[in-house]
Amino acid sequence: MPIEKNSPELDRIVSSDAEVEQLASGMASDRWPAEGPLWWKEGGYLLFSDIGQDRRMKWSPDEGTTVFQEGTNQANGLTRDLQGRLIACEHGARRVTRQELDGSITAVATNHRGSRFNRPNDAVVKSDGCIYFSDPGAPDPDVDLDFSGVYRVTPDLGTQTLLIGDFIVPNGLAFTPDESILYINDTRRGHIRAFDMQPNGMLALASGRVFCDLTGDRPGVPDGMKVDVEGNVYCGGSGGIWVMDPSGKHLGTIVHGEDTTTNVAFGGDDWTTLFYTTWRTMGRIQVNIPGIPVPVSG
């Protein structure tokens with residue numbers, strides 16, 4: 001069965017007989033996986049990152065999987081800003097970029113106090129236009145910083161702030177529907193942490209707590225994650241994609257048969273298709289509650 005229930009509450013979120021469908025395979029290298037699924041609503045297609053082969057892939061119902069772009073500086077996590085522009089975390093160039101509507105590239109963030117970032121991983125955009133991103137990878141002799149951080153950049157790109165730097169591997173980021181809490185997972189520690197947000201966009205550090213521990217006997221670690229409109233959280237964990245309610249209770253697991261889930265994204269016409277990437281595959285499952293929509297271009 002693709003759905004393992006820990007609680008009957010899961011039935012309202014995803015049906016027990018929902019089909020897990022693999023849509024693409026053959027991505028990745030031994031070092032870097034498929035990542036960054038992002039639904040492009042006005043085009044009716046999904047973009048995702050093939051980091052190891054340095055390309056951006058596209059999947060659509062009519063055309064299947066094709067190469068969308070070659071040479072992405074090994075981009076990882078993808079999202080869109082309030083104007084619908086593509087935000088990409090570039091492993092290779094060690095920066096976060098924005099693709100303008102004319103196709104040109106703007107650097108969103110390149111360094112912290114003069115030292116280049118490690119390997120920007122994932123990003124989320126708040127309703128005020130601020131961009132939050134994770135930067136794991138330290139310590140490593142090939143990087144300049146001696147810590148892994150989470151940062152905030154203002155919409156005008158004029159102010160960049162280090163929010164927190166005590167994670168081992170900060171990875172996926174997601175806000176609650178009312179944006180009162182920011183979830184940040186730590187892949188190495190195997191858990192998701194939750195922080196209350198301050199009015200100025202900073203984290204209330206003293207509020208930090210473990211939201212859910214996703215470790216277990218089977219392969220799988222927390223990586224990219226998303227939240228639906230009711231506040232349920234979807235994130236890779238031991239055995240597949242974990243579904244947690246807003247209190248952090250593990251309601252059950254979507255089992256796709258691959259060793260690890262690298263990221264998830266909501267899409268489809270009504271945002272009720274849950275797309276996922278694994279090390280070498282991309283797939284989907286239909287859920288019953290829409291995800292928080294990604295902005296589209298005006």
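Residues are termed buried under 20% relative accessible area, exposed over 50%, and partly exposed in between (1.4 Å probe, protein chains only). The model described here is predicted: local features require pLDDT of at least 70 and side-chain atom pairs pLDDT 80 or more, whereas totals for chains, interfaces and linings use all residues. Residues are numbered from 1 along each chain as its sequence is written, and side-chain values use heavy atoms, with hydrogens and water left out.

The structure holds 17 salt bridges, each defined as a side-chain nitrogen of Lys or Arg within 4 Å of a carboxyl oxygen of Asp or Glu. One of them joins Glu230 to Arg12 (2.7 Å, N to O). Glu230 lies in the loop between strands S21 (225-227) and S22 (233-237), and Arg12 in the loop between S1 (3-5) and S2 (21-25), so the pair ties together parts 218 residues apart in sequence; strands are DSSP runs (E, at least two residues), numbered from the N terminus. Glu230 is partly exposed, with a relative accessible area of 40%, while Arg12 is exposed at 53%.

A salt bridge also links Asp81 and Arg85, with the closest N and O atoms 2.7 Å apart; Asp81 and Arg85 are both buried.

An open sheet of 4 strands shows antiparallel pairing in the order S3-S4-S5-S6, where pairing requires at least two DSSP bridges between two strands. Strands S3 (34-40) and S6 (64-70) stand at the edges with a single partner strand each, so one side of each lacks a neighbour in the sheet. Strands S4 (residues 45-50) and S5 (residues 55-60) are joined by 5 bridges, and Ser49 has Arg56 in S5 as its bridge partner.
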